[in-house]
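The sequence and structure are shown first.

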Amino acid sequence: MIRGAIAAALALAGCGGEAAAEPAAPASIAAPPPEPPAPSPELVLRERARLVLESRCGQCHIGAYDSAIPGALAVFDLAELEWDARLTAEQLDDLNVRMERDLGPDGEALGVTPEDRATIAEYVAAAHARRGDPAPAE
Ligand code: HEC
C-alpha cells in the first residue's frame, strides 16, 4: 500500500516531459551548491557552550564589545570561531569551576542555571577527550 503510494509519487515527480524538453540550463546555474556537511556533535556542543558563556561572561570575553578586557580576550574570545583554541587544560576546568560557583569576577551572581552547568560540563569533558588531556587527578 505505502510502497504503491511512493511509486505513484515517484512516477508523478518523474514525468517531467515538458521540463526535459527544455534546453539544459548552464551548469553554473543548474548545479546547486553542495550541501555543507552536517556539523559534528562536538561542534554543536562547542556552540552551545559559547551561547552559555556569551550570556554569562560575554561582557569581558567578547572582543566585539567595548566592555571587553584585553586580558580576558587573551584567554578566550567568544567572538572567535574557535573561541576555545587558546584555553589550557586547567582553564577548561576553570570554566566548570566558575559555572559551579556562579560567581563573576567581582563576586556577583551570574544567574547560572543547572542547564548551563550541564552544558559546560559536557562541553569541557568532550574538549578534554578531543585534546587527549590526561584525566584530572581526583
Ligand atoms: C568583568 C570581566 C569578566 C567577566 C564578566 C568574566 N571574566 Fe573571565 N577573565 C577576565 C579577565 C580580565 C581575565 C584575565 C585574567 C585575570 O586577570 O584574572 C579572565 C580570565 C579568565 C580565565 C582564565 C583564568 C586563569 O587563571 O587562567 C577563565 C577560565 C575565565 N576568565 C572564565 C570566565 C568565565 C567562565 C566567565 C563567566 C562565568 C568569566 N570569565 C567572566 C574578566 C572577566
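Pro 114, Glu 115, Ala 118 and Ala 129 are exposed residues on the face of helix 7 that is turned away from its buried side. The model is a predicted one. The buried residues of helix 7 are Asp 116, Ile 120, Tyr 123 and Val 124. They lie on the same side of helix 7, because the arc they cover around the axis is only 105°. An α-helix has 3.6 residues a turn, so residues three or four places apart point the same way. The cover over the buried residues of helix 7 includes helix 4 and helix 6.

## Helix 7: length and end

Helix 7 takes in residues 114–131, which is 18 residues. After helix 7 comes Gly 132, which has a positive phi, near 75°.

## Overall fold

The chain has 7 helices and 0 strands. Read from the N terminus, the order of elements is α-α-α-α-α-α-α. Of the 138 residues in the chain, 12% are buried. Where contacts link residues at least 6 apart in sequence, 46% of them join residues at least 24 apart.

## Ligand shell

The ligand is surrounded by 17 residues, and Cys 57, Cys 60, Gly 71, Ala 72 and Asp 94 are the closest. Sorted by class, the shell around the ligand consists of 9 nonpolar, 5 polar and 3 charged residues.

Three helices each supply at least two residues of this shell: helix 4 (41–61), helix 5 (70–75) and helix 6 (89–101). Helix 4 gives the most, with 6 residues. Helix 4 and helix 6 are also among what covers the buried residues of helix 7.

## The loop between helix 5 and helix 6

Glu 82 sits in the loop between helix 5 and helix 6. Is Glu 82 buried or exposed? Glu 82 counts as exposed because it has 9 C-beta neighbours inside 10 Å, and the cut-off for exposed is 12 or fewer. In sequence, Glu 82 and Arg 46 are 36 residues apart, while in space their C-alpha atoms are 8.9 Å apart.

Technical notes
Residues numbered from 1 in each chain as written. Predicted model: local features only at pLDDT ≥ 70, side-chain atom pairs only at ≥ 80, totals over all residues. Near = placed C-beta within 6 Å. Helix = DSSP H or I, 4+ residues; strand = E, 2+ residues; numbered from the N terminus. Nonpolar A, V, L, I, M, F, W, Y, C, P; charged D, E, K, R; others polar. Expected span 1.5 Å × (residues − 1). Buried ≥ 20, exposed ≤ 12 C-beta atoms within 10 Å, placed from the backbone. Arc of directions from axis to C-beta. Contact = placed C-beta atoms within 7 Å.
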